[in-house]
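Student: I'd like to learn how to read salt bridges and helices in a model. Can we work through one together?

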Amino acid sequence: MAKEAQSNNGHLDFQQEPLKAIAKEMGGAERVLQGILETSESIIFIKDLDGRYVLVNPAFSRLFHRGLEETLGHTDADLFPQKVAQRLRAADARVLKSREILSSIDRLTIEHEERIFVATKAPLQDNEGNVIGVSGFATEITGEVRARDQLAHLNKILRAIRNVNQLIVTEKDRERLLQGACERLVKNGSYHNAWIALLDDSGQLMTAAESGFGGDFAPMFEQLRQGIIPQCGKDALANPGVIAMFHPQRDCSGCPLAASCAGRVKSAVCLAYSGKVFGFLVLSLQSKYAQDPKERALISEIAGDLGFALHDLEIEEERQQSEERYRLIVENSHSGIIIVDERYRFQWVNDMFCEMLARDKAEIVGRDFRDFLDDESRQLVADRYVRRQRGEDTPSRYEFNVVRKDGTKKRVEIRSAVVRDRAGRMRTIAQLLDITDRVRAQDALREENRMTFALSKSAGAVVSSLNMREALDHILDELQHVVQADAGSVMLVEGDTARIVGARAYSDSAREYDVLGTTFIISQTPNLLHMIETGAPLIVADTHTSPEWVQLANLEWLRSYAGVPIRAHDKTLGFLNVDRATTGPFDDKTIERLQVFATIAGAAIENATLIEEANRRADRLETAQRVAHMGFLDWDLKTDKILLSDEFCRLNGLKKGEDITALELLAQVVHEDDLEYARKNLNLAISGKKELDIDHRIVRPDGKVLWVHSQGHLIHDEKGNPKALLGTVVDITSRKEAEAKLRKSLSDIMRVLSATIEIRDPYTAGHQVRVAKLAVAIATEMKLPEDRVEGVGFAAQVHDIGKVAIPAEILAKPTALNEIEFSLIKEHPEVAYDVLRDIDFPWPIADIVLQHHERIDGSGYPNGLKNGDILLEARILGVADVVEAMSSHRPYRASLGLDAALDEIKKNKGVKYDKEAVEACLAVFESGFTFDQQ
């Protein structure tokens, strides 16, 4: 059987039944083959080794209008143009060389018309297996290709219509609607160019939009402004249906756009609805599509949709004008907006939603909404979606998780509405707000809410009460809600004495807290004297062992203390104190909160003093009551005049009523190091490219530097031109100082973690620090944002923390590791992940460390991740780790040298290591980087 199958090999065998019987009846195998040749609609031919035709069938002669005597014995060079003949002969050569059957698509021009064939050629062999020529056949597929092209073109038009309809649904601005329609008609290759002109009732131009012309459209726009309508527009306005101009340069003489339409057909159609003519649409397309009824029907559909949209916009014009400010807020929202069909598929998404998923629109539109949800959210969203589609009473606002392209998650809040399109199909329009940061900070926010409420009540007491003692009592009452303490008190400085004027017991431990009226001589009380001299808080972790602590009767329960000075205008007015019945220092958060309450207490004391000294004068009362005001400005862009609020002037040290321009204001108040940054963002805001939302420093006339947060919103006039910029400035100095303290604390934590492994593994001492230096340099060279560069540095500092779980004798082994020992080493990223994952870093430190030994070809460990599944920070860290490790000494080998390390990453660039990270690494070394530099 095997030999029989091999002998057949897919070829005709006239010795097998029933073919043998048929051949016999027809007079032999040659008669069978002759019948096939004569009846085949496909071209069949045989050429010898010199390329001469030795056999062609009638189909060949019919197609090329050549008899046998004109073909046999001739080559392709005799029969076809030179380029065609060379291409055909080259295909023969490939067949003869490879001895394999080869197929190709050939395009030939026959009687001035391009014809398309699918051709198959095979080597012709004699009985001994020697190649003696080439045989082949070719089938014409011109009709199929043209039909497919026509279908593809119509699909493009349909997609354009869908995109235009999506635009019509969402876009309520006439100019953007027209411009967007033109762009969508041209964007996917449906039409070469497109333009629209809208006319008022008197036939004068209202507006125009175009796509595909660029600067060439300017003369046409000027001509339209002068009331000159081109012939295509006149024809469209005067006649129903689609008007076609097959020779634009001849039929539309004098048209500024005639040259742009050369070689194409110009189609024009009137834009109208319900008897109202709005203008006309002009499209340029290939001539082969221009006469297709389907093409004209689709153009008419586009015109009808645009006419309806313009009609709808006209009706809504007055309402839109009244809601202009609201619309501006909505359009500048940081929310993602989507339209989803009844089968969960995205029909349209805005740029903010793309940014939310870190994907392009092409990666989203048309796909199932559930593809971008995590397991936790998928069923929830599907259930809500189906129930809302059914019309059930289901909340339209809820939260879930979306998955970004890099695998990270975002928490979003959705608000949705179910609508029906013109065809009655259900669509869901939804707005999604990224609340990731808000969710991450929920616990902290709840705690800060308590702080804010307590501060609000305390500040309210300061503002509303004219009695200092009453205000201080309010502060002590609210203090218990935001600090962990058993008692609190307030002292006032009176010359060289400090007297307790307010006291509260917060727990049963401090039930004996009768200290009201107790007086201390400051010069004889070291703790109070220290706070006055330094202006800094003071903490006593154990009052029973502190030699400087002044012990009071009946307060033996008091074991730890924290105090902050109450200051105003560089003068200490008193002290705010908290006491605990347990030993141990108070944490930084407690001290920070005490300082905030001390500031309020200072305001209360200063308020009372000012009222007392100034006989309750209104201006002093206003100064004492000012708490957390926000500066405001109104910049008229046409006159360049700026109105400044009192608080803005106070915050920046300006004189009220002072005339000043925007540039003068920037130069006068903004810190010189932030000036260019502020100017750049202000220009972006004025141009409408970006909302003003920045942090920067200001310098007051007294030289004091403050951090402020500036925001601005651009206001437009009725024509859409920028009219004014409304801005606010808030003092965020305290927040910036707190952030700096937090980052310092985080840096200290990193150093402790890094030191932990270095103690365990002395041979790699400094390895993490050097890797961190190189990783930061690479990330900086790659122009990552400053915050991500910082995250790379922190992750590098602790990337080997997992080695704490590896026996020291393995880490310090002076010879090569065996398989079991190396498998233990390979566990250190997962150990590190377990150590780091519960620490609330601002960056995904645990995931970066877990992935730093992964390789983009999947050869890394522990999970064999590939390409984009590996965080960019981890890919950067992996390159830095390899270079430092190879160029440094190890217990089991001497340093391989920096050149060897760089050769390794060059050799595996784009294979094991991230291409961009490798190129950035090479660049930093070329620029002079060394591991020893500071």
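Student: Which residue does aspartate 341 meet in a salt bridge?
Tutor: Side chains of opposite charge can pair when their charged atoms come close. In this predicted model, aspartate 341 pairs with arginine 345, at 2.8 Å from N to O. Aspartate 341 is buried, at 3% relative accessibility. Arginine 345 is partly exposed, at 30%.

Student: Which residues do salt bridges that share partners join into one network?
Tutor: Lys47, Asp76, Arg89, Asp92 and Lys121. Lysine 121 is buried, with a relative accessible area of 7%. Aspartate 92 is buried too, at 0%.

Student: How many salt bridges does the count come to?
Tutor: The count is 39.

Student: What separates arginine 225 and glutamate 222 in helix 10?
Tutor: An α-helix has 3.6 residues a turn, so residues three or four places apart point the same way. Here arginine 225 and glutamate 222 are three residues apart, about one helical turn. Their salt bridge has its closest N and O atoms 3.2 Å apart. Glutamate 222 is partly exposed, at 33%.

Student: Which strands do the buried residues of helix 17 pack against?
Tutor: Strands 11, 13, 14 and 15. The buried residues include Val381, Tyr385 and Arg388. Just after helix 17, glycine 391 takes a positive phi of about 90 degrees.

Conventions. Residues are numbered from 1 along each chain as its sequence is written. This is a predicted model: local features need pLDDT of at least 70, side-chain atom pairs count only at pLDDT 80 or more; totals for chains, interfaces and linings use all residues. Side-chain values use heavy atoms; hydrogens and water are left out. Buried means under 20% relative accessible area, exposed over 50%, partly exposed in between (1.4 Å probe, protein chains only). Helices (H or I, at least four residues) and strands (E, at least two) are DSSP runs, numbered from the N terminus. Contact means heavy atoms within 4.5 Å. A salt bridge is a side-chain nitrogen of Lys or Arg within 4 Å of a carboxyl oxygen of Asp or Glu.
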